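Me: I have a structure open and want to learn how to read its features. Can we go through them one by one?

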Amino acid sequence: MKKHILPAIKLTLILIVFFAVIYPFAVWAIAQVAPNSGKGEIVTFKGNTYYSNIGQSFTDHQYFWSRPSAANYNAAGSAGSNKGPSNPLYLEEVKGRIDTFLVHNPAITKAEIPADLITASASGLDPHFSVQAARVQVKRIAKIRNIPEAELRTLVNEQTEKPLWGLFGPAKINVLKLNIALDELAAK
């Protein structure tokens, strides 16, 4: 037993140094070369400051609606709802979101609504939604803002973020950046 204790203590000390000092320092050093020193992308618009990597609540009819949040967009309480797909309360909540969306987007059928417009992300703070989630809202926004649908579709295409290296993940749109670009388009 004595011949195993010393190597175990040495290995423990090595791992403590690696995982408590070297690894955190390496992550911190890599973050320093990232945009904004790894603190997230800050967006300033009309005197307000936002973080583009934190979901924002957009429910006004003249904007693209953001993905629902189980945490009510509170970064301090970031979490999913823990309600499974068979939970009656969860199903009622999703049904309510569908009904609300259909009332405000009468040109859309229930089958056309993407899941990310009626279900919350795992963190409750997802700043992105799918390209389809933006496209199904174009008619409503075009009518309210009196902007041609073609211009809004072009805006959606311009704001689309391609998958990482063209391979990893789906195409997505940052809702905050899209709505800021929408305000800028409307101001022209």
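**Reading the model**

Reply: Start inside: the lining of the largest cavity is made by I54, G55, Q56, F58, S66, D126, P127, H128, N174, V175 and L176. This is a predicted model, where local features need pLDDT of at least 70, side-chain atom pairs count only at pLDDT 80 or more, and totals for chains, interfaces and linings use all residues. Residues are numbered from 1 along each chain as its sequence is written, and side-chain values use heavy atoms, with hydrogens and water left out.

Me: What is a cavity, and how many of 30 Å³ or more are found in the whole structure?

Reply: Rolling a probe the size of a water molecule over the atoms shows where empty space is left. The search uses a 1 Å grid over the protein atoms alone; a cavity is a set of points where a 1.4 Å probe fits but cannot get out, and lining residues have an atom within 4 Å of a point. Grid points are joined across faces, edges and corners, and a volume is the space filled by probe spheres set on the points. The whole structure has one cavity of 30 Å³ or more. The largest cavity holds about 40 Å³.

Me: Which classes of residue line the largest cavity?

Reply: Its lining has five nonpolar, five polar and one charged residues. Here Ala, Val, Leu, Ile, Met, Phe, Trp, Tyr, Cys and Pro count as nonpolar, Asp, Glu, Lys and Arg as charged, and the others, Gly among them, as polar.

Me: How much space lies in the largest pocket?

Reply: A pocket is an open set of points with protein on both sides within 12 Å along at least five of seven lines. The largest pocket has about 290 Å³ of space. It is lined by 16 residues, and T59, W65, S66, P68 and L117 are the closest to its centre. The lining divides into seven nonpolar, seven polar and two charged residues.

Me: Now salt bridges. How many does the rule count?

Reply: The rule asks for a side-chain nitrogen of Lys or Arg within 4 Å of a carboxyl oxygen of Asp or Glu. The count comes to seven salt bridges. In one of these, the side chains of E41 and K177 meet at 2.8 Å, N to O. E41 lies in the loop between α1 and β1 (42–45) and K177 in helix α6 (residues 175–187), so this pair ties together parts 136 residues apart in sequence. Helices (H or I, at least four residues) and strands (E, at least two) are DSSP runs, numbered from the N terminus.

Me: Which residue does D126 pair with?

Reply: D126 meets R67 in a salt bridge, 3.4 Å from N to O. D126 lies in the loop between α2 (88–104) and β3 (128–130), and R67 in the loop between β2 (48–51) and α2, so the pair ties together parts 59 residues apart in sequence. D126 is partly exposed at 25% relative accessibility, whereas R67 is buried at 16%. D126 also lines the largest cavity.

Me: Which residues are linked in a network of salt bridges?

Reply: K139, E149 and R153 are. Between E149 and K139, the closest N and O atoms are 3.6 Å apart. E149 is in helix α5 (residues 149–159) and K139 in helix α4 (residues 138–145), ten residues apart.

Me: Last, backbone angles. Where is phi positive in a residue other than glycine?

Reply: Most residues other than glycine have a negative phi. K46 has a positive phi, near 50°. K46 sits in the loop between β1 and β2 and is exposed, at 67% relative accessibility. N146 also has a positive phi, near 55°. N146 is in the loop between α4 and α5 and is exposed, with a relative accessible area of 70%.

Technical notes:
Buried < 20%, exposed > 50% of the residue type's maximum accessible area, 1.4 Å probe, protein only.
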